[in-house]
Amino acid sequence: MAAIGSAVGLGNVWRFPYVCYESGGGAFLIPYFVALFTAGIPLMILELSVGHWARSSPPEAFKKIGKKWEWAGWWTVLVPFIIAWYYIVVMAWCFSYMIYSLDLRWGVHAENFFKNFLGDTGSPAIIGDISVPVLLGLIVVWLCVFLILYKGVGRIGKVVAITVPLPTILLILLTIRGLTLPGAIEGISYYLTPNFSRLFDINVWLSAYAQVFFSLSLAQGIMITYASFLKKKSDITNNAFIISLADAGTSFLAGFTVFSVVGYLAFSQGISIPDLGLRIAGPNLTFITYPTAISLLPFAAVFFGMVFYIALLMFGIDSAFSMIEPITVGVNKKFKISKAKATGVICIVGFFASLLFATGSGLHWLDIVDHFVANFGLVMIGLVECLILGWMFKLSKIRDHANKTSEVYLGRWWDYLIKFVIPFVLFILLFVAMVNNIVNPYLGYPWWIIVLGGVAPCLSVFLLSFVFMKIKQRNEVI
Ligand code: PHE
């Protein structure tokens with residue numbers, strides 16, 4: 001349940017629908033499912049097995065694989081920590097919008113309202129001030145994360161028993177409402193009409209793999225950490241299938257929720273869906289388009305507005321704390337400080353780091369950091385994970401471990417996927433994406449912005465993982 005909670009999050013409601021629509025609509029389901037079955041599920045099995053086998057946090061698990069690989073474990077827990085910095089900012093926006101739904105405060109000009117709310121400066125180069133409502137939301141969400149985590153895993157179990165089923169029910173409710181609105185069908189057909197020519201674009205494939213990694217919370221040390229708490233007899237492959245399919249199903253459903261309402265919006269404004277333009281992309285969808293549509297609802301607009309943001313918050317919270325849990329367990333074990341202290345330190349550092357994304361330029365930095373960390377960071381870690389576990393270790397040991405407890409028997413094909421197919425695909429994707437990004441800098445930004453928002457976070461996290469490993473070695477010598 002906690003792993004499903006981690007996987008199902010803003011990525012499903014906020015990221016999948018627009019990635020899907022931008023990448024060929026219904027045709028995107030082909031690369032998506034290919035990515036899910038050739039990389040997502042096999043890697044999910046790998047991570048769950050490693051965690052279950054090592055029964056420890058990722059740094060220790062990698063150390064068990066081989067002493068010199070401990071850094072890889074640190075790398076996998078540091079990346080989600082960075083993702084949490086901005087992920088929690090988006091949750092802070094949801095928190096404010098949940099309150100604003102009470103009187104539909106965004107009114108008819110949701111776009112201006114969103115910009116004012118953020119204090120948007122329009123460019124990453126002009127930092128601007130910290131937005132007070134975002135700051136308040138940040139305090140609330142970081143505090144929740146701290147309170148859920150500081151006592152150990154016991155609380156996670158209790159929280160996810162509510163925050164996994166409830167928002168799913170709310171999402172179904174919103175979908176039913178959406179589908180019964182005029183124009184909904186046009187919205188859905190826009191979302192799903194296949195544009196097969198997009199399949200020849202390598203970026204679409206990269207997006208599919210990145211989306212699968214991001215959405216399944218893979219290559220983040222999360223599944224390794226959570227699996228280390230599983231019972232000895234838990235069925236690994238079954239768990240992997242359940243988590244992955246629940247996640248994919250929720251994404252697909254969320255597309256209906258969102259695009260039915262997009263169709264309604266176009267219908268009620270008397271324009272075609274493409275004319276909604278950029279408002280369908282990224283955060284705009286959730287914070288401009290959706291609220292506009294909500295305020296046009298014939299009845300119970302306040303109710304549906306609240307339900308939408310409450311659902312988002314609940315979907316998000318278990319993903320948010322799952323990003324923090326692995327690093328706190330790692331720090332707790334390594335530096336021999338209590339779990340409460342480790343959680344406190346991490347949350348405070350995270351809170352201050354989040355402030356950058358709460359400024360007037362935050363939206364732009366968030367987009368840049370997300371583009372690089374989610375597209376490159378995750379895929380790179382996935383690649384390294386496969387190389388270390390597949391080539392530097394006897395992979396069949398891990399397969400045997402999974403087979404011991406699992407109903408679905410993993411054959412040698414799984415080894416081939418981890419050793420050859422996945423690394424090959426990931427390598428090609430990374431290479432092409434890198435060339436693309438060098439030839440056409442992301443959104444045409446100047447090089448220093450790309451270096452600061454893309455290269456610096458990815459590189460510093462990578463280097464920091466060696467520092468963490470070295471600290472330990474020094475301690476051991478002392
Ligand atoms: N899987 C989460 C989502 O879809 C996001 C996430 C990414 C969680 C990375 C943990 C680690 O929203």
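This briefing walks through the ligand site and then a handful of individual residues. The model is a predicted one, in which local features need pLDDT of at least 70, side-chain atom pairs count only at pLDDT 80 or more, and totals for chains, interfaces and linings use all residues. Residues are numbered from 1 along each chain as its sequence is written, and side-chain values use heavy atoms, with hydrogens and water left out.

**The ligand and its shell**

- Here the ligand sits in the largest cavity. A cavity is a set of points, on a 1 Å grid over the protein atoms alone, where a 1.4 Å probe fits but cannot get out; a molecule sits in one if more than half of its atoms lie within 2 Å of its grid points.
- Helix 1 (2-7), helix 2 (10-22), helix 11 (202-215) and helix 15 (301-334) each give two or more residues to the shell around the ligand. Helices are DSSP runs (H or I, at least four residues), numbered from the N terminus.
- Around the ligand there are 15 residues, of which Ala-7, Gly-11, Tyr-87, Phe-214 and Ser-215 come nearest. A residue is near a molecule if one of its heavy atoms lies within 4 Å of it.
- By type, the shell has six nonpolar, nine polar and no charged residues. Ala, Val, Leu, Ile, Met, Phe, Trp, Tyr, Cys and Pro count as nonpolar, Asp, Glu, Lys and Arg as charged, and the others, Gly among them, as polar.

- A nitrogen atom of the ligand lies 3.0 Å from a backbone N or O atom of Ala-7.
- For Asn-12, a polar side-chain atom lies 3.3 Å from an oxygen atom of the ligand.
- Ser-217 has a polar side-chain atom 3.0 Å from a nitrogen atom of the ligand.
- On its own the ligand has 320 Å² of accessible area, and the protein covers 100% of that (Shrake-Rupley method, 1.4 Å probe).

**Residues to look up**

- His-52 belongs to helix 3 (residues 29-54) and is buried, at 3% relative accessible area. Buried means under 20%, exposed over 50%, and partly exposed in between (1.4 Å probe, protein chains only).
- A polar atom of the His-52 side chain lies 3.3 Å from the backbone oxygen of Lys-232.
- Arg-55, in the loop between helix 3 and helix 4 (58-65), has a positive phi of about 50° although it is not a glycine.
- Leu-443 is not a glycine either, yet has a positive phi of about 55°; Leu-443 is exposed at 57% relative accessibility.

Methods. A polar contact is a pair of N or O atoms within 3.5 Å; within protein, one must be able to donate a hydrogen and the other to accept it, and residues adjacent in sequence count only if both atoms are side-chain atoms. On a 1 Å grid over the protein atoms alone, a cavity is a set of points where a 1.4 Å probe fits but cannot get out, and a pocket is an open set with protein on both sides within 12 Å along at least five of seven lines; lining residues have an atom within 4 Å of a point.
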